[in-house]
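I set out to record what I looked up in this structure, entry by entry. The notes begin with one residue and then widen to the whole chain.

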Amino acid sequence: SQLEQAGYVTYAFGGGGSLDPDFFSDFQTVVNAKIPGSPDDLELNRPRLQEWLKNHSDEALFLLYNSSALDRPPAATRDGIISRYDEALGQTDNWFGQVWEQVENLGLADSAIVIITGLCGKNLADRSAGVQQNLYQESIRVPLLIRVPGLKLTAPMRISAPVSLTDVCPTLMDMIKRPSAARTDGISLLPLIHRRAPSLDR
């Protein structure tokens, strides 16, 4: 893979079930650990992840964590759905805080690129029971958070221009100064992030 050619040690935690197994074929190490019958993969995999960070802290690292922690079993009422979703968000936030604390303790935070996103939005039964079976804004708008090392902001920046998940890989390649794959529908978001352009020409 391009990351491996650039000298990165690649590691994938495939706790979630939303990605095709072939997606992980280019990673040097893959851990696919999930608690049977439960989406609660975070705590199961956290010690392994932290151990890997510790053992490779002097190398260039690329880590992908695919979690299904937000895929809670459906509840009978909308209030129940929201309650389970809020609980899962809190658990995920706490888990990430513990992992990030180790990143800081290992001295990796200053150079760490962090990208957090999701497979789909969550309509939480606002319009229908399905999440991926419609094109309502609640379903097609997904979270996309990007931490760019060295970008000095007084407050988090929100980009209003439409972007796509296909832009994630080109953006990452641009950030590490590597060429994107020849066949990709996405484009780098760095011009937006650095305010060099108000929108992107696709």
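Predicted model: local features only at pLDDT ≥ 70, side-chain atom pairs only at ≥ 80, totals over all residues.

Entry 1. I then asked which residues have the most contacts inside the largest nonpolar core. They are Phe13, Leu49, Leu53, Tyr65, Trp95, Trp100 and Val103, in a core of 18 residues. I noted that β1 (9–13), α2 and α3 each supply at least two residues of this core. I also listed a second, separate core of 9 residues, with Ala12, Phe27, Phe62 and Ile176 among them.

Entry 2. I turned to the packing of helix α2 (residues 42–55) against helix α3 (residues 78–105): the angle is about 15 degrees and the axes lie 10 Å apart. Because of that angle, α2 counts as roughly parallel to α3, the cut-off being under 35 degrees. The crossing of α2 past α3 is right-handed.

Entry 3. I recorded the residues at this contact. From α2 come Leu42, Glu43, Arg46, Leu49, Gln50, Leu53 and Lys54, and they meet Gln91, Thr92, Trp95, Gln98, Val99, Gln102 and Val103 of α3. I sorted the residues of this contact into 6 nonpolar, 5 polar and 3 charged.

Entry 4. Finally I looked up the protein as a whole. I counted 6 helices and 5 strands, which follow the pattern α-β-β-α-β-α-β-α-β-α-α along the sequence. Of its 202 residues, 32% count as buried. Among contacts with a separation of 6 or more, 56% join residues 24 or more positions apart.

Definitions and conventions: Residues numbered from 1 in each chain as written. Heavy atoms only, no water. Axes fitted to C-alpha atoms, helices over the stretch in contact; angles between N-to-C directions. Helix = DSSP H or I, 4+ residues; strand = E, 2+ residues; numbered from the N terminus. Parallel < 35°, antiparallel > 145°, perpendicular 65-115°, else oblique. Left-handed = near helix turned anticlockwise from the far one by under 90°. Contact = heavy atoms within 4.5 Å. Nonpolar A, V, L, I, M, F, W, Y, C, P; charged D, E, K, R; others polar. Core = buried A, V, L, I, M, F, W, Y, C linked by side-chain atoms within 4.5 Å. Buried < 20%, exposed > 50% of the residue type's maximum accessible area, 1.4 Å probe, protein only.
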